[in-house]
Number of protein chains: 2
Amino acid sequence: MTNEIKKPLILITNDDGDTANGIEVLTQLMMQIGDVIVMAPDGPRSAQSNALTVTHPIRFKKLEEREGLIRYSCTGTPTDCVKLALNEVLDRKPDLLVSGINHGSNAAINVIYSGTMGAVLEGCENGILSIGFSIVDHSLNADFSYFKSYVLQITRSALANGLPYGVCLNVNSPCGEIKGIRVSRQCVGHWDKEFAKRTDPQGRSYFWLTGHFENHEPEALDTDEWALANGYISVVPTKIDLTAYDMIETVAKWGL
Amino acid sequence: MTNEIKKPLILITNDDGDTANGIEVLTQLMMQIGDVIVMAPDGPRSAQSNALTVTHPIRFKKLEEREGLIRYSCTGTPTDCVKLALNEVLDRKPDLLVSGINHGSNAAINVIYSGTMGAVLEGCENGILSIGFSIVDHSLNADFSYFKSYVLQITRSALANGLPYGVCLNVNSPCGEIKGIRVSRQCVGHWDKEFAKRTDPQGRSYFWLTGHFENHEPEALDTDEWALANGYISVVPTKIDLTAYDMIETVAKWGL
């Protein structure tokens, strides 16, 4: 018998790549809580959703190993990173997966495009307590200083309380000072005017993804977008089961 | 006043690319129902989920135009295809988006990896009636003959009944003879033993994604996996809102 408390094993990834400030900050924070394994993409993989690499093989390599931390980089997507770590690196299931801190919002419908949240859904599918952290600032030099203590608080609270299978957390922070935390739902909205059209020197058109997010319910007080617009961190319990249960009976009545 | 019924405008895409048999079959079927615009990836984009192309620009080109059909190919992902068609090609919102017919199952957790269903979620986000069709056969020569009449039936029924904003359909067919249709829920399960590890001529390891799907609830009668294993087409009403509503109160009680 020993009274020693075993440190949690924490897997970290992101979609901004292994050199992003956000994952460096998250790694420093998680080392206060447990033993950390980082498996991050070897370059930017934003908006990779749950994409998997199937048309070519992937590789990973060890970047660093020291007390409480081993860091790897991987040639694949964020979801590939999680799969590789679970299947080929870790000798036991981690107690926690955290992804981020993403440079840019993953609130509202962005959750379905986000590589950060793709990795979180992957961890969740594998029965791991999984949390995505993002800040509403795309810049490389996003200021994480106000968010840090909340990242620790939310993580410790999740470890203490746990989540049922199939549920993870999508946590987004506003920039600057933070008023508190709102447990929210995913705001309804969509992206509009999505491309910048340009012409190459040969006279052919090409299209850059850009666009404007349109909030369909700006007055609703219980959404992630409302929280962020009003200085609060949003925490959205998020699930991997996409079934629209309330429509099963309706569609069954179509008489198919 | 005219009694002429306006034909529905139907947008078609897939993730197997513009030359796949599945999209050819789906195009022929949809031309029985409406005017068809195809915007498909110019090669395979399987398992691209809702990935977006953000690190480089994309292009599209017209492949064919004839009575009731215009076909384009696009250098991007399935979700890019939908965004390009909506923003840069169509002069009105289509009445229907169909994606597929995918060569391979998109049942259970595959829905979150699927490029076919990524395109469907994108249509759904844009307020378009959207349906993904897949068959449980990865081969290029998958036999769609038994599925065809059901694709028409499900599509016509969806057009007649409609779906609320944020809900789409994930339709999967077994191979061979079909017993009927089951409106189902997404089966709980996960992928296991996911990589084939090989060594290149320089002695370095590389990893091919493969794996085995483990059904966590093989006895449940209301899942898509059960339907498919028992000769039925599964129709899962699927939604773009990933909020775990039943966990909001629980997480709020953590006292964050």
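Two residues count as in contact here if their C-beta atoms, placed from the backbone, lie within 7 Å. This is a predicted model, in which local features need pLDDT of at least 70, side-chain atom pairs count only at pLDDT 80 or more, and totals for chains, interfaces and linings use all residues. Residues are numbered from 1 along each chain as its sequence is written, with chains lettered from A and ligands numbered from 1 in the order in which they are written.

View 1. Helices (H or I, at least four residues) and strands (E, at least two) are DSSP runs, numbered from the N terminus.

**View 2. An open sheet of nine strands in chain A.** Reading across, the order is β3-β4-β2-β1-β5-β6-β7-β13-β8, with mixed pairing; two strands pair if DSSP finds at least two bridges between them. β3 (60-66) and β8 (180-183) of chain A sit at the edges with a single partner strand each, so one side of each has no neighbour in the sheet. From one strand to the next, the twist averages 20°. Zoom in on β7 (residues 167-173) and β13 (residues 232-239) of chain A and you get an antiparallel pair with six bridges, where Leu169(A) has Pro237(A) as its bridge partner.

**View 3. A hairpin in the open, chain A.** Five bridges tie β10(A) to antiparallel β11 (residues 205-209) of chain A, and Phe195(A) is bridged to Leu209(A). Five residues separate the two strands of this hairpin, and Gly203(A) in the turn has a positive phi of about 85°.

**View 4. Around Met39(A) in the largest nonpolar core.** A nonpolar core is a set of buried Ala, Val, Leu, Ile, Met, Phe, Trp, Tyr and Cys residues joined through C-beta atoms within 7 Å. The largest one has 150 residues, and Met39(A) and Met39(B) have the most contacts inside it. Not counting residues up to four places away in sequence, Met39(A) touches several residues, among them Leu11(A), Phe60(A), Tyr72(A), Cys81(A) and Val89(A).

**View 5. Helix α1 of chain B, mostly wrapped up.** Seven of the 10 residues of α1 (residues 21-30) of chain B are buried, so the helix is largely enclosed by the rest of the structure. Ile23(B), Leu26(B) and Met30(B) are among the buried ones. Their cover includes β1, β2, β4, β5, β6 and α4 of chain B.

**View 6. Where chain B meets chain A.** Here 62 residues of chain B are in contact with 62 residues of chain A. Elements of chain B that each supply at least two residues to this side include α2, α3 (115-125), α4 (148-161) and α6 (248-252). Also, 100% of the interface residues of chain B are interface residues in chain A too, so the copies meet through the same surface.

Methods
Axes are lines fitted to C-alpha atoms, for helices over the stretch in contact, and angles run from 0 to 180 degrees between N-to-C directions. A residue is buried if 20 or more other C-beta atoms lie within 10 Å of its own, exposed if 12 or fewer, and partly exposed in between; C-beta atoms are placed from the backbone.
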